[in-house]
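Here is a short briefing to read alongside the structure. It starts with the overall fold and then works down to single residues.

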Amino acid sequence: MERKLKLIWDFRGPNAHKTAQHHEIHLKEYIISEKLSLNITGYNDISNMHSIAYLVVIDSEMKPVRDALKPHRGQLYEE
């Protein structure tokens, strides 16, 4: 079983929550258009001025997704 990686986009400022929420919509569209193996996305508020959107991919799909979508950072995904 391949590792799962969480690709993360950071959004800051007074509109961070709405921006992260909207970014997740595009991540879901990308999953469908590229036929990715996993369908795990989300967004979280870190503080009232910092939110993240994320997409989870398997290790073998990470490089093309990373190069196309340019996440700010990544980490191992733990369920």
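Welcome to this predicted model. The protein chain holds 2 helices and 4 strands, and along the sequence they follow the pattern β-α-β-β-α-β. With a radius of gyration of 12 Å, close to the 12 Å that the globule rule gives for 79 residues, the protein chain is as compact as a globular protein of that length.

**Overall picture**

- Of the 79 residues in the protein chain, 41% count as buried.

- The 4 strands make up an open sheet in the order 2-3-1-4, with antiparallel pairing.
- Strand 2 and strand 4 are the edge strands, each of them pairing on one side only.
- On average, neighbouring strands of this sheet are turned by 30° against each other, direction ignored.
- Strand 2 and strand 3 run antiparallel and are joined by 7 bridges.
- Gly42, for instance, has Tyr54 in strand 3 as its bridge partner.

**How the helices sit on the strands**

- Helix 1 packs on the sheet and touches strand 1, strand 2 and strand 3.
- The direction of helix 1 makes about 15° with that of strand 3.
- Helix 2 lies across strand 1 and strand 3, and runs at about 135° to strand 3.

**A closer look at helix 1**

- Helix 1 has 19 residues and reaches 26 Å from its first C-alpha to its last, close to the 27 Å expected at 1.5 Å a residue.
- Its buried residues are Ala16, Ala20, Glu24, Leu27, Tyr30 and Ile31.
- Seen down the axis of helix 1, these buried residues fall within an arc of 120°, so they line one face of the helix.
- The buried residues of helix 1 pack against strand 1 (4-12), strand 2, strand 3 (50-58) and helix 2.
- On the other side of helix 1, Lys18 and Ile32 are exposed.

**Glu24, a buried glutamate**

- Glu24 is found in helix 1, and counts as buried because its relative accessibility is 11%, under the cut-off of 20%.
- Which residues does Glu24 contact, leaving aside its neighbours within four places in sequence? They are Thr41, Gly42, Tyr43 and Ala53.
- One of these contacts, Gly42, is the residue whose bridge partner in strand 3 is Tyr54.

**Two lysines with positive phi**

- Helix 1 is followed by Lys35, which sits in the loop between helix 1 (16-34) and strand 2 (40-47).
- Phi of Lys35 is near 55°, a positive value in a residue other than glycine.
- Is Lys35 buried or exposed? At 70% relative accessibility, Lys35 counts as exposed.
- Lys70 is found in the loop between helix 2 (59-69) and strand 4 (73-76).
- For Lys70, phi is near 50°, again a positive value in a residue other than glycine.
- Lys70 is exposed too, with a relative accessible area of 59%.

Note on methods: Residues are numbered from 1 along each chain as its sequence is written. This is a predicted model: local features need pLDDT of at least 70, side-chain atom pairs count only at pLDDT 80 or more; totals for chains, interfaces and linings use all residues. Side-chain values use heavy atoms; hydrogens and water are left out. Buried means under 20% relative accessible area, exposed over 50%, partly exposed in between (1.4 Å probe, protein chains only). Contact means heavy atoms within 4.5 Å. The expected span of a helix is 1.5 Å times one less than its number of residues. The arc is that of the directions from the helix axis to the C-beta atoms. Two strands pair if DSSP finds at least two bridges between them. Axes are lines fitted to C-alpha atoms, for helices over the stretch in contact, and angles run from 0 to 180 degrees between N-to-C directions. The radius of gyration is taken over C-alpha atoms; the globule rule is 2.2 Å times the number of residues to the power 0.38.
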